[in-house]
Amino acid sequence: MDPMNQSAQISSSQGLADGKNSAAKDSKLSVKDLVHWRDPKKSGVVFGLSMLLLLSLAAFSVISVASYLLLALLCVTITFRIYKSVVQAVQKSGDGHPFKVLMDKDVSIAPETFRKHVDVSLTYINRALKQMSRLFLVEDLVDSLKMAVAMWLLTYVGAVFNGITILILADILLFSVPPIYEKNKTQIDQYIDLARTQVNTTIAKLQEKLPGAVKRSKAE
């Protein structure tokens, strides 16, 4: 084979491989990329669908929303299946089942993948249980008081908002705060550092006013 043709084939194959790799990277956006609106079209679709789902849950029960979603999906797949069957009958073609490619895909979960996710979840659960035990058994009085204040504030939040409303607000903040923070990072960091300094100063003053026995146990 001509060396020039061989090098051209190698470069073209490398170009195709690079193109496939870049396309795979572009098709798989992470959650961070979505909330930062790296791809406005995909972020808009995800945000719109999540808002539609939450608003539906606010108006209807979970069972009704799940039933309507599954019914809509079945209507689409059944209609498409009938349409393709009619087209194949008219054209007398043997294309087969329209969803054959999807049906041939392996949708089962590998045991290794399942165990991996279980182990990761178990790590977080154990960490949360240890933290709850530390807070509710008052290992550190200041941290337990912080928890009490946070729970007291949440009682007022719960009196004003229900769970779905909080999820809707969280969804809006999730898709609006990251781009705003990215554009005004310097100013926001300055205010955060100022607030953190103020909070640490207040906590230090409170710790100075704690009883001597508590301070001794914290020192130990």
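Is Asp104 buried or exposed? Asp104 counts as exposed because its relative accessibility is 55%, and the cut-off for that class is over 50%. We will come back to this residue once we have walked through the rest of the structure. Please keep in mind along the way that this is a predicted model.

Let us start with the overall picture. The protein contains ten helices and zero strands, so the pattern read along the sequence is simply α-α-α-α-α-α-α-α-α-α. Of its 220 residues, 9% count as buried. The protein exposes about 18,000 Å², and carbon and sulfur atoms supply 67% of that area. As for how the chain meets itself, take the contacts between residues at least 6 apart in sequence: 46% of them join residues at least 24 apart.

The largest share comes from α7, with four residues. Val160 makes a handy example to pick out on screen. This valine is found in helix α7, and it counts as exposed because its relative accessibility is 63%.

Helix α7 also takes part in another feature, the largest pocket. The volume of this pocket is about 230 Å³. Ten residues line it, and the closest to its centre are Val142, Leu145, Lys146, Ile203 and Leu206. Which elements give two or more residues to the lining of the largest pocket? They are α7 and α9 (185–208), and α9 gives the most, with five residues.

Asp143 forms a salt bridge with Lys146, with 3.8 Å between the closest N and O atoms. The two residues are three apart in helix α7, so about one helical turn separates them. Lys146 itself is partly exposed, with a relative accessible area of 42%.

That pair brings us to the salt bridges as a group. The structure holds seven of them. For a link across the sequence, turn to Arg38 and Glu182, whose side chains meet in a salt bridge at 3.1 Å, N to O. Arg38 lies in the loop between α2 (31–35) and α3 (40–59), while Glu182 lies in helix α8, so the pair ties together parts that are 144 residues apart in sequence. Both partners fall in the middle class of accessibility: Arg38 counts as partly exposed at 43%, and Glu182 counts as partly exposed at 40%.

In the loop between α4 (62–91) and α5 (100–104) lies Lys92. Although Lys92 is not a glycine, it has a positive phi of about 55°. Lys92 is exposed, with a relative accessible area of 75%. The loop between α6 (111–136) and α7 holds Val138. Phi of Val138 is near 55°, again a positive value in a residue other than glycine. Val138 counts as partly exposed, at 42% relative accessibility.

Methods. Residues numbered from 1 in each chain as written. Predicted model: local features only at pLDDT ≥ 70, side-chain atom pairs only at ≥ 80, totals over all residues. Heavy atoms only, no water. Buried < 20%, exposed > 50% of the residue type's maximum accessible area, 1.4 Å probe, protein only. Contact = heavy atoms within 4.5 Å. Areas by Shrake-Rupley, 256 points an atom, 1.4 Å probe, with all protein chains shown as cover. 1 Å grid on protein atoms, 1.4 Å probe; cavity = no way out; pocket = protein on both sides within 12 Å on 5 of 7 lines; lining within 4 Å. Points joined across faces, edges and corners; volume = space filled by probe spheres on them. Salt bridge = Lys/Arg side-chain N within 4 Å of Asp/Glu carboxyl O.
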